[in-house]
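Hello,

Here is the structure we spoke about, with some notes on what was found in it. Please look at it first and then read on.

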Amino acid sequence: VGIINSDFAIDHKFPSVQSNSVTKVSGMAYFTLDIMSADDEFMDAYAAEVLREVWRTSKEFNVKAIVEQTDSAPGVKELDPALRELLSRRCDALNYSSLHIPSGAGHDAAMVALAERPSGGKIPVGMLFVPCRNGISHAPEEFVTAEQVAKGADVLRESMLELATRAG
């Protein structure tokens, strides 16, 4: 869940949201839900289950629910294998541990991976993540040490240097 009653345009379009307060039951509320996965079938099934739950809850509490899909993009099953292998080799060369993980997130890299070059063919894309404390990211509790950031920068630098050397 991303936005919860905090989108300026929606709040002004529906003044009842602006009348929400701590001391009363609101007449209206809204939120966004971002569903991400590298598996399109899973994503579709999950979205359908969410919709069933919204409609069930709406009926149970006799409230009106409106669902609006604002965006949609297919998942990226795999980023460029050659870049993934390069990043892994650079980690090994630097004696840093590494782990291959899928990311169904719609990062800029995923959007680029879905695009085509003007001359045809896919744009090679890879992603490099640094570990966050307790595996928590995209949340207020997210924390990464300066050492982990430095290691990520080392791997990125070495990988970019190798790519630049290959390109001549």
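Which residues in α4 meet which residues in α6? Keep in mind that this is a predicted model. On the α4 side they are L83, L86, L87, R89, R90 and C91. Their partners in α6 are V155, E158, S159, E162, L163 and R166. Sorted by type, the residues of this contact are 6 nonpolar, 1 polar and 5 charged.

Next, the geometry of the two helices. Helix α4 covers residues 81–93 and helix α6 covers residues 146–167. Their axes come within 9 Å and cross at roughly 120°. An angle over 145 degrees would count as roughly antiparallel, and 65 to 115 as roughly perpendicular; α4 is therefore oblique to α6. The crossing of the two helices is right-handed.

A disulfide is a covalent bond between the sulfur atoms of two cysteines. The structure holds 0 disulfides, and C91 is in none. A disulfide needs the two sulfur atoms within 2.5 Å. C91 itself is buried, with a relative accessible area of 7%.

S88 is also in helix α4. Is S88 buried or exposed? With a relative accessible area of 16%, S88 is buried, because the cut-off for buried is under 20%. Leaving out residues up to four places away in sequence, S88 touches S98 and H100.

Regards

Methods:
Residues numbered from 1 in each chain as written. Predicted model: local features only at pLDDT ≥ 70, side-chain atom pairs only at ≥ 80, totals over all residues. Heavy atoms only, no water. Axes fitted to C-alpha atoms, helices over the stretch in contact; angles between N-to-C directions. Helix = DSSP H or I, 4+ residues; strand = E, 2+ residues; numbered from the N terminus. Parallel < 35°, antiparallel > 145°, perpendicular 65-115°, else oblique. Left-handed = near helix turned anticlockwise from the far one by under 90°. Contact = heavy atoms within 4.5 Å. Nonpolar A, V, L, I, M, F, W, Y, C, P; charged D, E, K, R; others polar. Buried < 20%, exposed > 50% of the residue type's maximum accessible area, 1.4 Å probe, protein only.
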